[in-house]
Amino acid sequence: MHIETRLVQIGVGAEDRNTGAVSFPIYQATAYRHPTLGESTGFDYTRTANPTRSVLEAAIAEVENGDAGFACASGMAAIQTIMALFSQGDHFIVSLDLYGGTYRLFEQVLTRYGLSFSYVDLRDPAQAEAAVRPETKAILVETPTNPLMQVTDIRAMVAIAKKYNLLTIVDNTFMSPYFQRPLDLGADLVFHSATKYLGGHNDVLAGLIVTKGRELSEKVKYLHNSIGAVLGPQDSWLLIRGMKTLALRMERHQENAFRVARFLREHPAVTDVFYPGLADHPDHEVQKRQASGFSGMVSFRVRDAKQVAPFLRHLRIISFAESLGGVESLCTYPATQTHADIPAEIREKVGVCDRLIRLSVGVEHGDDLIADLRQALDASLEASLEAGGCTR
Ligand SMILES: *Cc1c(COP(=O)(O)O)cnc(C)c1O
């Protein structure tokens, strides 16, 4: 079956023995009656397993071509659950241009437990290999990166990981399994902030993990239950509901993102556009080799930081808000929002400067999005001229 069909059919037939409901029900129950001593229906206590969550977990495992899926309370809960696989003294090689919350968890929390992290530009496999130490346990890849849309060659990371007996862990939030399936490229673990494209409607916070291999699946299952940062039944249902239309949404996100990226490139208020779908994006070819698309995230730099506030103020359709991947277009300012916890000098080094704006291009009509961007950019140029900004 094609992924479009598998997504739409999530949960269909799973309720046949009870009611035949096409939409799988929300099992709002924490405890389950045992038929007799030593017997179980397969459900005992909802932290361990819940029927609605189980349907979701089986679905994400299937669409990512993995062996087991785990639904967590958030993307961060998913990462925390994965990191519990490791022990004091372990070291990790991690994407340099990293989601701010992941960086915060690693540097402010997990370093206190004796884990250490090297942040490396993984676009260059030689740099990744040079960072391997005797105590290195895994390579954690975010691709494309947030917000600069830098692409890491997942196969190249897997080759290094195999050579040194490391795990390859991929944050697949930006692509979703519709466009990219890292387990097929050799990765061991994939996780998502399902809050983003998988949920798709800016209304549910969730994380998903998919594992490859029986031993790893058993370990994560044990940790998922032991830590308990699991997803509740209502949110599991919302996520299933969102995932059914993932294919349709991703196609439209991408179509609109192409249009927006091409428009931004021509606008005099803009100096740089970052979208891996553009043929002259430095990582375009790598992206084409490992994914079937480019998704809906576009970042750009305006000429002058003084343009940022007026640009945001003038947007009418696109909301200035801190998330991505939903049907509604959102605009984020990484310097003070998603990346505020990353020190300014590191931000500048990776290029997340104060002129950078990130767009999560939604599924509205492309003409309306471009009209909104055009009027806000025009207004931002005028405002920065008045404020004595550089407009060239
Ligand atoms: C949002 C996000 C996370 C964190 O997920 P939450 O659901 O917000 O906890 C992790 N990685 C990436 C790439 C994200 O965009």
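Which backbone nitrogen does the side chain of His281 reach at 2.9 Å? In this predicted model, that nitrogen belongs to Asp283. His281 sits in the loop that runs between strand E8 (270-274) and helix H11 (284-290). With a relative accessible area of 9%, His281 is buried, because the limit for a buried residue is under 20%.

From this loop we can turn to the ligand. There are 14 residues around the ligand, and those that come nearest are Gly75, Asp171, Ser193, Thr195 and Lys196. Three of these residues can be described by their polar atoms. Gly75 takes part through its backbone, with an N or O atom lying 2.9 Å from an oxygen atom of the ligand. Asp171 uses its side chain instead, where a polar atom lies 2.8 Å from a nitrogen atom of the ligand. Lys196 also places a polar side-chain atom 2.8 Å away, here from an oxygen atom of the ligand. On its own the ligand has 380 Å² of accessible area, and the protein covers 94% of that. By residue type, the shell around the ligand consists of 6 nonpolar, 5 polar and 3 charged residues.

Helix H8 is the next stop. It takes in residues 214-227, which makes 14 residues.

Which residues of H8 are buried? They are Leu216, Ser217, Val220, Leu223 and His224. In an α-helix there are 3.6 residues a turn, so residues three or four places apart point the same way. Viewed down the axis of H8, the buried residues fall within an arc of 130 degrees, and therefore they line one face of the helix. The face turned away from this buried side carries Arg214, Glu215 and Tyr222, which are exposed.

Lys219 is also part of H8. Its relative accessible area is 43%, so Lys219 counts as partly exposed, a class that lies between the limits of 20% and 50%. Between Lys219 and Ala379 there are 160 residues of separation in sequence and 54 Å in space, taken from C-alpha to C-alpha.

The backbone also has some details to look at. Most residues other than glycine have a negative phi, and most peptide bonds are trans. Where are cis peptide bonds found in this model? One joins Thr143 and Pro144, with omega at about -10 degrees. Another joins Asn146 and Pro147, and there omega is about 10 degrees. Pro144 lies in the loop between strand E4 (136-142) and helix H6 (154-163), and Pro147 is likewise found in the loop between E4 and H6.

Positive phi values occur at two asparagines. Phi of Asn165 is near 60 degrees, and this residue lies in the loop between H6 and strand E5 (167-171). Asn165 counts as exposed, because its relative accessibility is 71%. For Asn202, phi is near 50 degrees, again a positive value in a residue other than glycine. The loop that holds Asn202 lies between strand E6 (189-193) and strand E7 (207-211). Asn202 has a relative accessible area of 32%, so it is partly exposed.

Terms used. Residues numbered from 1 in each chain as written. Predicted model: local features only at pLDDT ≥ 70, side-chain atom pairs only at ≥ 80, totals over all residues. Heavy atoms only, no water. Near = heavy atom within 4 Å. Polar contact = N/O pair within 3.5 Å; in protein donor to acceptor, adjacent residues only side chain to side chain. Areas by Shrake-Rupley, 256 points an atom, 1.4 Å probe, with all protein chains shown as cover. Nonpolar A, V, L, I, M, F, W, Y, C, P; charged D, E, K, R; others polar. Helix = DSSP H or I, 4+ residues; strand = E, 2+ residues; numbered from the N terminus. Expected span 1.5 Å × (residues − 1). Buried < 20%, exposed > 50% of the residue type's maximum accessible area, 1.4 Å probe, protein only. Arc of directions from axis to C-beta.
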